[in-house]
Amino acid sequence: MIVKYGLVPLAALLGFAQSAARASNTYTLEQAVEQALANNPELRIMQERIEQADAQLGQALANFYPQIKTSLSYQHSDNPAMAFSMIIAQRRLNLNGGDFNHPGGVDNYRPQVTATYSLFRGGQDYYLSQAAQLGVESSELERAATRNRLVNNVTAAFYGGLAAIEAHQVNNRAIEAVQSELNQSKIQYDAGVVLKSDVLSLETQLAEAKDAEIQSAHAIELAQSLLRTLLGLNANDAFDFAGNFQPGLPDNPAGFDELLNQALAQHPELKNAEKRVAIAEQQLAAAKAAHLPRADAYVSYGSDSKDLAFSSNRDNVSAGVMVEVDVFSGFATQEKIRKAEHELTAAQETVRQTRLRIENQLKSAQLGLQQALHRAEVSDAAVRAAEEALRLVNEQRRAGVVTVTRYLEAEVARDRARNRQIGARYDALRAEADLKQAIGFWQ
């Protein structure tokens, strides 16, 4: 179903936004997610696996339909018994002539159509078709789990890129400020007003600011490279972050029990593990059904002749029912049952393992978000304090009370507080994305 927005379908709006992003090589977070969901190769692989599972279901359901075959056989024999039976089948028997002990070579052509139908196979066809149907559902859940991880990875990489951009802007401003101070200090040093140590301190501070700028620029490039991979873009394709988007802090997470109930009810990885248990149960039932009898019906229509000429005067029909039961199969059936039992046990343990892993991820994400929010509060206060301290030191410096070194210390403290503030804010946003992945939010 396509959700409408005004008179334009939402899908069309998303497609237009996605095309616009590709044309300008700039992406918002929403556009990056849409591009990844449309173009990421891993999701396409998952879609092909769904199609494979659907084809396997079709193969399993084929056992409920009659099987019809056509064939053409040729025989030549001078064996009296075989030759005599072929002559009879061709309706050419003449009791008054010929030597039945030496019939000579006889040719027989038989075109025929044969239909077979499985009446009963101990329920194996039913159990295997049920397993195949569950296999389709399992593949769909695998795709949902891949989508859940992909959206989280895109979100985390995008926020990492935004954090690096903001840090890069802070570092550039710091370079400009220190460079300006250095230029003035050199003039004052030449005039004999400031000490050489003050100039050297500024040069050291400038080198540190440039080093931080290089690291933040590298972080931006790494985030862009990762996002190109996630979005299915080539390494040489341009990727830019759209605008100066600065998202606000997320809300405090809900209680762990509430989050766990959400995860247990909807997480695709857990649902898939439970689906694999149901598949193993059906496969075990199919293996046990091999002990029961099997019954097949068949009907064959054809004609026998000494050449390829078909005649309704020589046609014949054969029909029957065959019942089979394995009395002894060299313990093959028992071993298949034992294998299916172990696969069921492994699937059940996988459910338990998946639940424990989801609980751990959920708890870690909840604690990570809480910690990041607390850090964000502390970093906001630290920035306000650092900016006020820098203002006071700057006034004291203009009054000639403090040295340039003290001013630099205050400026460095302010820049570090800003970088910690940026890191804490985006850590909180990434922790929120991890929490959403842990509860299976993106499917």
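**Exercise 1.** Is Phe158 buried or exposed?

Solution. The model is a predicted one. The relative accessible area of Phe158 is 2%. Buried means under 20%, so Phe158 is buried.

**Exercise 2.** Classify the aromatic pair formed by the rings of Phe158 and Phe241, and state where the two residues lie.

Solution. 
1. A search of the whole structure gives 8 aromatic pairs.
2. For Phe158 and Phe241, the ring centres are 4.9 Å apart and the planes stand at 70°. Planes over 60 degrees apart count as edge-to-face, so this pair is edge-to-face.
3. Phe158 belongs to helix H5 (residues 124-190) and Phe241 to strand E6 (residues 240-241). The two are 83 residues apart, and the pair links distant parts of the chain.
4. Phe241 has 10% relative accessibility and therefore counts as buried.
5. Phe158 and Phe241 also belong to one aromatic cluster with Tyr27 and Phe239.

**Exercise 3.** Which residues of helix H4 (residues 80-89) are buried, and what do they pack against?

Solution. 
1. The buried residues of H4 are Ala83, Met86 and Ile87.
2. Around the axis these residues cover an arc of only 100°, so they are on the same side of H4.
3. The general rule is that an α-helix has 3.6 residues a turn, so residues three or four places apart point the same way.
4. The packing partners of the buried residues of H4 are strand E4 (67-77) and strand E5 (106-120).
5. At the start of H4, a side-chain oxygen of Asn79 comes to within 3.0 Å of the backbone nitrogen of Ala81. Just after H4, Arg91 has a positive phi of about 60°.

**Exercise 4.** Which rings have Lys363 and the charged end of Arg397 over them?

Solution. 
1. Lys363 lies over the face of Phe256, 4.9 Å from the ring centre.
2. The charged end of Arg397 sits over the ring of Tyr407, at 4.8 Å from its centre.

Notes:
Residues are numbered from 1 along each chain as its sequence is written. This is a predicted model: local features need pLDDT of at least 70, side-chain atom pairs count only at pLDDT 80 or more; totals for chains, interfaces and linings use all residues. Side-chain values use heavy atoms; hydrogens and water are left out. Buried means under 20% relative accessible area, exposed over 50%, partly exposed in between (1.4 Å probe, protein chains only). Helices (H or I, at least four residues) and strands (E, at least two) are DSSP runs, numbered from the N terminus. The arc is that of the directions from the helix axis to the C-beta atoms. Contact means heavy atoms within 4.5 Å. A polar contact is a pair of N or O atoms within 3.5 Å; within protein, one must be able to donate a hydrogen and the other to accept it, and residues adjacent in sequence count only if both atoms are side-chain atoms. Rings of Phe, Tyr and Trp (its six-membered ring) pair if their centres lie within 6.5 Å; planes under 30 degrees apart count as stacked, over 60 as edge-to-face and the rest as tilted. A charge sits over a ring if NZ of Lys or CZ of Arg is within 6 Å of the ring centre and within 35 degrees of the ring normal.
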